[in-house]
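Student: I'm new to this one and would like to go through it slowly. Could you bring it up so that we can look together?

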Amino acid sequence: MTSSVTVQQRQKERPASPLPRIAPKGRLAALDGLRLLAALMVVLYHYIAFNSAAWSKPATERFPVAYVPASYGWLGVQLFFLISGFVICMSAWGRSIGDFATSRVTRLYPAYWFAVLAATLVVSIWPVNGPGPSLSDVAVNLTMFHEPMKVAPADGVYWTLWAEIRFYLLFALLIAWRGLTYRNVVGFCVVWAMAASVAAGLDVDALDAVLMPNDCWFFIAGMAFYLMYRYGPNLLLWGIVAATFVAGQHFAFNTHHNVQKYVGHKLPLWPLVMLLALFYLAIAAVALGRTSRINWRWLPTAGALTYPLYLLHERIGWTVIKEFENDVSRYVLVPALVALMLAASWLLHRYVERPVARLLKRGMTKALADMRAPRERT
């Protein structure tokens, strides 16, 4: 009797998880707009600032003004990671591990499979920037696990997909082991940040591969922002966000150093910090409900195009540039190429990604149902 009373008293004294401030439903149009911004930043970085073999002259000569802002377009990846932390937490809430896995597979693979094959076909037919990948490498690329298998990517931008997959796998462990609650997600953010800090100091490849000390800060910040969106802000969540910003900008400096090799000129650091701060402020505005009035109809479509655009633009775009550089003004070629890639992205989304995703979801749902209720087989 005494033991029962003690347990009841402890349960009353234990602080409960905060109740949701709002009931999040549907798409957040502002995030779709930010996705488009992130994708266009990366596209313009590769088309204008990146010293690829596509252009015959360096960026400082071919785009003497535009190359400066375009040189910071690589930070669109960090914005993608921020958005991913927010959206993955939101979309996985209240769902089973099977549902989460199904949503991620159907989101990532259909457009990716097509993009790998399309990029390989284009660079094989027009090898103006070097030979295309071998059939063996293409086959490995289709798994999306080419990076851990030490196989060259079919397109350079695909390295970020391995970062996303590692985040999904870590998050899936949380769903399977503890489930998604306010307390569990906060604990996950704190433990991941501390473990990544230790991994950064140890410089062990295996730990770096799992904990991602260079990029994890933006995923963690996105999750903390989602908790603000769902439950309201508090000092702990703001502390997590502030800590990730401090750590994230520090590790972004390392990437910045490498980017200077790709663009071929020195870049000041202050725009990097300013842009990261603006990204954080933009996601904070979404989390605090300041963007609820942004509901333009075209934004969900724009958001749907960003993933195909990201997958298609680099090697195919460089091939087009190489073919037409001497025939078309660069100030016409780049805008026309961006428009072409957006149109191709819409076609990919409408006629490949959506129908294949539906078929894949149907098959995975049936397979998961079979796992939950296995049938006897003779």
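Predicted model: local features only at pLDDT ≥ 70, side-chain atom pairs only at ≥ 80, totals over all residues.

Student: Is His46 buried or exposed?

Tutor: His46 is buried, with a relative accessible area of 6%, where buried means under 20%, exposed means over 50% and partly exposed is in between, using a 1.4 Å probe and protein chains only.

Student: And what does His46 touch?

Tutor: Leaving aside residues up to four places away in sequence, His46 touches Val157, His313, Glu314 and Trp318, a contact being heavy atoms within 4.5 Å.

Student: Changing topic, what is the average pLDDT of the chain?

Tutor: The chain averages a pLDDT of 89, and 92% of the residues score at least 70; pLDDT is the predictor's confidence in each residue, on a scale from 0 to 100.

Student: Which elements have the lowest and highest mean pLDDT?

Tutor: The lowest mean among the elements belongs to helix α1 (residues 2–13), at 41, and the highest to helix α11 (residues 216–231), at 97. Over residues 1–15 the pLDDT stays under 50, and for that stretch the model has two contacts beyond four places in sequence.

Student: How many aromatic pairs are there?

Tutor: The count comes to 32, with rings of Phe, Tyr and Trp (its six-membered ring) pairing if their centres lie within 6.5 Å, and with planes under 30 degrees apart called stacked, over 60 edge-to-face and the rest tilted. One of them is the edge-to-face pair of Phe86 and Tyr226, at 5.5 Å centre to centre and 85 degrees between the planes.

Student: Why does that pair tie together parts that are apart in sequence?

Tutor: Phe86 lies in helix α5 (residues 76–92) and Tyr226 in helix α11, so the pair joins parts that are 140 residues apart in sequence. Phe86 is buried at a relative accessible area of 0%, and Tyr226 is buried too, at 1%.

Student: Which other pair does Tyr226 form?

Tutor: Trp93 and Tyr226 form a tilted pair, 5.8 Å centre to centre with 50 degrees between the planes. Trp93 sits in the loop between α5 and α6 (97–125), so to speak 133 residues apart from Tyr226 in helix α11.

Student: Now the helices: how do α12 and α13 pack?

Tutor: Helix α12 (residues 235–263) and helix α13 (residues 270–287) pack at an angle of about 145 degrees, with their axes 10 Å apart; axes are lines fitted to C-alpha atoms over the stretch in contact, and angles run from 0 to 180 degrees between N-to-C directions.

Student: Which residues make the contact?

Tutor: Among them are Trp238, Phe245 and Phe253 of α12 and Leu272, Leu276 and Tyr280 of α13. By class, the contact has eleven nonpolar, three polar and no charged residues, where Ala, Val, Leu, Ile, Met, Phe, Trp, Tyr, Cys and Pro count as nonpolar, Asp, Glu, Lys and Arg as charged, and the others, Gly among them, as polar.

Note on methods
Residues numbered from 1 in each chain as written. Heavy atoms only, no water. Helix = DSSP H or I, 4+ residues; strand = E, 2+ residues; numbered from the N terminus.
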